[in-house]
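Here is a short report on one protein chain. It takes up confidence, helix packing and a few local features in turn.

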Amino acid sequence: MGGDAQSHPHRRTHTRVRICSRFRRPAVRSNHERWDGGGYPDKLAGEDIPLGARIIAVCDAYEAMVEDRPWCSPKTPDEALAELRRCAGTQFDPQLVDAFAGQVFPELHQPTPLTRG
């Protein structure tokens with residue numbers, strides 16, 4: 001194999017990292033935004049919030065609720081799902097809460113009624 005063939009996997013990996021970084025930065029920056037615009041740092045609302053950030057927000061909130069923390073006891077998975085549903089349309093993207101519920105709790109999944117604001 002010539003030098004070019006051996007370096008090809010490295011170039012491909014470097015390109016993937018560069019592309020992933022381009023999409024990861026907005027998701028990480030914006031994962032504390034709220035669907036209703038009340039979050040931070042940029043007060044983005046609705047679909048102006050990057051999709052990755054909206055996904056992270058739902059998953060991170062669920063994990064925070066069901067994990068044992070020094071300052072509070074964990075919620076049951078059902079309680080955490082109820083809280084996500086309660087906050088759908090204000091804190092979280094309601095369609096992503098539904099998608100999360102359908103994937104994590106297919107036996108309990110009932111779509112969240114869409115709220116108009």
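This is a predicted model: local features need pLDDT of at least 70, side-chain atom pairs count only at pLDDT 80 or more; totals for chains, interfaces and linings use all residues.

Over residues 1-14 the pLDDT is below 50. In the model, that stretch has two contacts beyond near neighbours in sequence.

**Helix packing**

Two packed helices are described by the angle between their axes and the distance between the axes. The table gives these values for three pairs formed by H2, H3 and H4.

| Helix pair | Axis angle | Axis distance |
|---|---|---|
| H2 and H3 | about 140 degrees | 9 Å |
| H2 and H4 | roughly 55 degrees | within 10 Å |
| H3 and H4 | roughly 160 degrees | within 9 Å |

Take H2 with H3 to begin. H2 spans residues 51-66 and H3 spans residues 77-87; they pack at an angle of about 140 degrees. That angle makes H2 oblique to H3. H2 passes H3 in a right-handed crossing. On the H2 side, the contact uses Val58, Ala61, Tyr62, Met65 and Val66. On the H3 side, it uses Pro77, Ala80, Leu81, Glu83 and Leu84. By class, nine residues of this contact are nonpolar, none is polar and one is charged.

Next comes H2 with H4. Their axes cross at roughly 55 degrees, so H2 and H4 are oblique to each other. The crossing is right-handed. H2 contributes Leu51, Arg54, Ile55, Val58, Cys59 and Tyr62, and H4 contributes Leu96, Val97 and Phe100. The contact of H2 with H4 has eight nonpolar residues, no polar ones and one charged. Val58 and Tyr62 of H2 take part in the contact with H3 and also in the contact with H4.

That leaves H3 with H4. The axes cross at roughly 160 degrees. This makes H3 roughly antiparallel to H4, because angles over 145 degrees count as such. H3 passes H4 in a left-handed crossing. Leu81, Leu84 and Arg85 in H3 meet Val97, Phe100 and Ala101 in H4. Five residues of this contact are nonpolar, none is polar and one is charged. Leu81 and Leu84 of H3 meet residues of H2 and residues of H4.

**An aromatic pair**

How many aromatic pairs does the count come to? The count is two. One of them joins tyrosine 62 and phenylalanine 105. Their ring centres are 6.1 Å apart, with 70 degrees between the planes, and the pair is edge-to-face. The pair links distant parts of the chain, 43 residues apart. Tyrosine 62 sits in helix H2, while phenylalanine 105 lies in the segment after helix H4 (94-104). Tyr62 thus has a place in this pair as well as in the H2 contacts with H3 and H4.

Is the peptide bond from tyrosine 40 to proline 41 cis or trans? The bond is cis, with omega near 15 degrees. Although lysine 43 is not a glycine, its phi is positive, at about 55 degrees.

Methods. Residues are numbered from 1 along each chain as its sequence is written. Side-chain values use heavy atoms; hydrogens and water are left out. Axes are lines fitted to C-alpha atoms, for helices over the stretch in contact, and angles run from 0 to 180 degrees between N-to-C directions. Helices (H or I, at least four residues) and strands (E, at least two) are DSSP runs, numbered from the N terminus. Angles under 35 degrees count as roughly parallel, over 145 as roughly antiparallel, 65 to 115 as roughly perpendicular and the rest as oblique. A crossing is left-handed if the near helix is turned anticlockwise from the far one by less than a right angle, and right-handed if clockwise. Contact means heavy atoms within 4.5 Å. Ala, Val, Leu, Ile, Met, Phe, Trp, Tyr, Cys and Pro count as nonpolar, Asp, Glu, Lys and Arg as charged, and the others, Gly among them, as polar. pLDDT is the predictor's confidence in each residue, from 0 to 100. Rings of Phe, Tyr and Trp (its six-membered ring) pair if their centres lie within 6.5 Å; planes under 30 degrees apart count as stacked, over 60 as edge-to-face and the rest as tilted.
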